[in-house]
Amino acid sequence: MTTRLAANEGDGGAVGRYPSSTMALEGPPLVSDRWPRLAAELTAALREAGESNLVDQVDGLRVHRECGCGDDFCQSFYTQPPPAGAYGQGHRNVGLNPSRPGMLVLDVVSDVIMFVEVIDRPSLD
């Protein structure tokens, strides 16, 4: 018997262990699977911005959690587990020039994409 990680209903999304004989461990969804057009746009905009070290990360970016701010113009999401406060040293913002209307800004810490700000853009879904 194997175990898998799953969110418990009604517990705010906490992770628990449940027995399962058929389920395997899966991580958060890839950005390229959930929003392939956005992944392609990020790749192109990062190349245009000369951020080749970040381009290589796009294919492996995962949607860890949506922003949750509740603003109707925001579709931002975490690509790494959210910090317990400010990002701190090594943090920088990378503003991109997307091919579609709206803003794309990356929060990068020590050359790792942590958060993708998606503001005033057409629906990702």
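Let me begin with a term we will need throughout: a residue is called buried when its relative accessible area is under 20%, exposed when over 50%, and partly exposed in between, using a 1.4 Å probe and protein chains only. By that rule R34, with a relative accessible area of 33%, is partly exposed, and we will come back to that residue.

What you have above is a predicted model, in which local features need pLDDT of at least 70 and side-chain atom pairs count only at pLDDT 80 or more, while totals for chains, interfaces and linings use all residues. Residues are numbered from 1 along each chain as its sequence is written, and side-chain values use heavy atoms, with hydrogens and water left out.

I will start with the sheet, where strands (E, at least two residues) and helices (H or I, at least four) are DSSP runs numbered from the N terminus, and where two strands pair if DSSP finds at least two bridges between them. The sheet is open and has 5 strands in the order β3-β4-β7-β6-β5, with antiparallel pairing. β3, residues 65-66, and β5 stand at the edges with a single partner strand each, so one side of each is left without a neighbour in the sheet. Helix α2 packs on this sheet, touching β4, β5, β6 and β7, and its direction makes about 75° with that of β6; contact here means heavy atoms within 4.5 Å, and the axes are lines fitted to C-alpha atoms, for helices over the stretch in contact, with angles running from 0 to 180 degrees between N-to-C directions.

Going across the strands, β3 pairs with β4, residues 77-78, over 2 bridges, and E66 has F77 as its bridge partner in β4. F77 in turn stands opposite V116 in β7, the strand that β4 joins through 2 bridges. β7 is mostly covered, since 6 of its 8 residues are buried.

What lies in the interior? Leaving aside residues up to four places away in sequence, L42 touches V58, L61, L96, L104, L106 and V116.

Finally, the charged pairs: a salt bridge is a side-chain nitrogen of Lys or Arg within 4 Å of a carboxyl oxygen of Asp or Glu, and the whole structure holds 4 of them. R34 forms one with E66, the closest N and O atoms being 2.6 Å apart; because R34 lies in helix α1 and E66 in strand β3, the pair ties together parts that are 32 residues apart in sequence. E41 and R121 meet at 2.4 Å, N to O, and since E41 lies in helix α2 and R121 in the segment after β7, this pair ties together parts 80 residues apart in sequence. Both E41 and R121 are buried. R92 and E51 meet at 3.0 Å, N to O, with R92 in strand β5 and E51 in the loop between α2 and α3. Through shared partners, salt bridges join E51, R92 and D111 into one network.
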